[in-house]
Amino acid sequence: MSLESINPERQELRRQRSGVPLGSSTVQCSPLPVGVARSRRYIPGGLCNFIRFMIRPSNNREVNFLMVVILLFALICIVLIGMNMWLLHELGTRDKYTMPKPEVVVDVDAITGIWQLYETVLQTNKDSDKELLYQYLLKCRQKAAPHGTSMQAGSGISFGGTATRTSRSEGAGGSPSDLPRVLDELQKTIGIIAAQEPNDGLEGAASFIHNLLSFAPGGNTAGQSGDDGTADSDGVPNYLLSTAGAQTETEANAPFDDILYWQLYLFFSSGESSGATKDAHAWWERIQHTAPSVITARFYYPLRRYHNTHRFPSETPTTASLWYDAIAYDYFGNDAEPFTPPVGDAQVAGVLASNAELNTSLVSRTHSGTLFLNIASYRDPECWRTVQHAVGRAVNMFRVYVGIAEQHRSSDLSCIAYEALAPQACLAPGSSAETLAKSAGLNTAVCFPADNIRVRRITPAAANGPTYGRYMAMLLYRGEDYTLVLDSHIRFVYAWDSRLAALYIEMQHPRLVLTHYPESYNASSGSHFVYERKTTVYLCRATFIDSVGYVRLKGIVMDSADAVLYMHEEHVKDYPIPHLSLSPNVKRPLPQPWASGGFLFANGSIMREVPFDPHLPNLFDGEEVLYSVRLWTHGYDIHSPKNSTSFHIYTRGDQPKVWDNNPQWESTQRRTHKRVQFLLRSYLKGISVPRIPRETADPEVTVDVDRYGVGRARTVDDWYRFAGLDPVRYTVDGRWCGREMSRDAGG
């Protein structure tokens, strides 16, 4: 009980000081006693105290009143802001196309090429280059019309919020000096495209930019040189264009330092060259037209130059015996054995005579196009037999080159046995360069395989799985016309080299890949094993691996005669290679979306355009499907060969495996899976959530992804649709061979 409640005089004094006369009505703030009726003057305690504070006599009444006004105004503002935000949200969800998100994540890598073009113009500082680039960008802008920009004949183009004129008479939107602004508008437009395609906006934006950069609006193919080999019809340097389209490499006759070429290019393109003599300028013009460089898309392959004039060995049994016997006598004296000319296998001649597709001129690419075998071996005792078979059963061993990544211990059998290095009987056209293969003499020349075999020896402790091995073998490529990627436990049919080349040439497709799982070889059959068969393996099936989110491949054995039943034109026609014209009259059977690592035959250009990725350590499942996607998105069509030319040893349970002595195999493989999932756009099962975010900064995932990533001729999402795969539900529609065939390929 307070002092005031028991002292009436003190209460009266307090009322007088406050200006409230005795007996006047006051606000009832105390709780009502039980049973007492609520009066109209009763106000809840908290609000009551506030009102009493505000209405009591005070010199600060004006200040108190102003505070009330401010509080009421703030409350009204909060309500209005909330209503405005609600209205904006409703309008934005009704039409996402007219009101894209203000913050758009733009695929910066997709527009890097445009900035490179602009930087080149800044370095050359030539008015002609500026004008060419400016015209090129205008064409890019016109192509952008279907992607959300408006364009009318004779009017401005609304591009990234800025309207410009397309007519040169009206300035075409400004002078070439406005290039930074044009590029900025182009970047904004790509952002709008990304916002309008929420499912695959970034991939679509990248593809959109790639189409603008890679192919000239007039229809020229990226990578094809003009008269000087340095630019296309729009003046865009070839080295800045993607190699996604079909291309024909140009070759140089002599080497030239690439860094020196770039330094000379900058010097003669700037004002510093004004003091150079006429002879110096003339010399530079000659270098521009002849020197090899990545800048000019011109390459120098000494091997190609050599084989242009030496398609067959010039060594005859007579000449070989002369120098061989002389050397042997110097070393061994009278104990030296004389040279015995090798004798070719008669079965090779029989195959040439019985196969009509091989009955062509010996100087044709079927029999003389150079071929590079990419073989990776991890302590494989079958490797030397693979090399021996490849050498001994080839029609023209002189054009076959073998690159081996030998990951063996010193106690293991080497991939190079004496039998493979011994002189081999080779064919030669004789007096007439147009000799048909069936009438060629297989014993008219001598080949020395040691000249054609390259080995990179790697300690097994440094082995990092099959992809790493194929990458190390790939480094031995020297510009051969074709490449054949193989496992190290393979057996070949007779005349395998010419048969494969004939299958490839028959398809009339410059960007074709022939690949499958070879049929199984049974080593216990020995000499009774049947090599000549009328079957092949169609690599047409796949199943999802739920734990990682991508597929494992599988093939079926089928009759070669049934290959024409699997054309699948209804699936292939929707995904053509940009700006590649193919004859519609040629049958190309057994198309498929996947490639095998154990047998892959293609143009040698894939060694440069789609190199094996060295950043996939300890990867097994995922190697093949990732390389399939990379090939397909780089503009290569994948097929199974309609005839078998090799056989694979699948039962090797007792042989050393790369993961046996690697305690970090599993942990490293799990990290590698992230890179595969990132490149394949893998999702969690049943959820449209990427396993690896596209904006990840994990260096193990993104290292060298511009070099060893997917291409831009076609998109990854298109590959899933082409393959008949649902990357979210993990389903396969079986469009390629379904359940029509029941015999599965070994493996």
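Guide: Start with Asp613 and Arg675. They form a salt bridge, with the closest N and O atoms 2.9 Å apart. A salt bridge here is a side-chain nitrogen of Lys or Arg within 4 Å of a carboxyl oxygen of Asp or Glu. Asp613 lies in the loop between helix H19 (606–609) and helix H20 (623–633), and Arg675 in helix H21 (residues 665–680), so the pair ties together parts that are 62 residues apart in sequence. Helices (H or I, at least four residues) and strands (E, at least two) are DSSP runs, numbered from the N terminus.

Asp613 has 2% relative accessibility and counts as buried. Arg675 is buried too, at 0%. Buried means under 20% relative accessible area, exposed over 50%, and partly exposed in between (1.4 Å probe, protein chains only).

A word on the source. This is a predicted model, in which local features need pLDDT of at least 70 and side-chain atom pairs count only at pLDDT 80 or more, while totals for chains, interfaces and linings use all residues. Residues are numbered from 1 along each chain as its sequence is written, and side-chain values use heavy atoms, with hydrogens and water left out.

Now a second bridge. Asp637 and Arg714 meet through their side chains in a salt bridge, 3.1 Å from N to O. Asp637 lies in strand S19 (residues 637–639) and Arg714 in the loop between helix H23 (705–708) and helix H24 (716–723), so this pair ties together parts that are 77 residues apart in sequence. Both Asp637 and Arg714 are buried.

A nonpolar core is a set of buried Ala, Val, Leu, Ile, Met, Phe, Trp, Tyr and Cys residues joined through side-chain atoms within 4.5 Å.

Arg454 lies in strand S10 (residues 453–457) and Glu480 in the loop between helix H16 (466–474) and strand S11 (482–486), so the pair ties together parts that are 26 residues apart in sequence. Arg454 counts as buried at 16% relative accessibility. Glu480 is buried as well, at 0%.

Next, the largest nonpolar core. It has 42 residues, and Leu373, Val387, Ile404, Leu484, Leu486, Trp496 and Phe601 touch the most other members. Helix H17 (residues 496–506) gives the largest share of this core, 5 residues. Look at Leu486. Not counting residues up to four places away in sequence, Leu486 touches Leu373, Asn374, Ile375, Ala376, Arg470, Phe492, Gly597, Gly598 and Phe599. Contact means heavy atoms within 4.5 Å.

Then the rings. The whole structure holds 33 aromatic pairs. Rings of Phe, Tyr and Trp (its six-membered ring) pair if their centres lie within 6.5 Å; planes under 30 degrees apart count as stacked, over 60 as edge-to-face and the rest as tilted. Phe268 and Trp284 have ring centres 5.4 Å apart and planes at 5 degrees, so the pair is stacked. Phe268 is in helix H8 (residues 258–269) and Trp284 in helix H9 (residues 278–290), 16 residues apart. Both Phe268 and Trp284 are buried.

Last, the chain as a whole. It has 24 helices and 22 strands. Of its 747 residues, 47% count as buried. Among contacts with a separation of 6 or more, 76% are between residues 24 or more positions apart.
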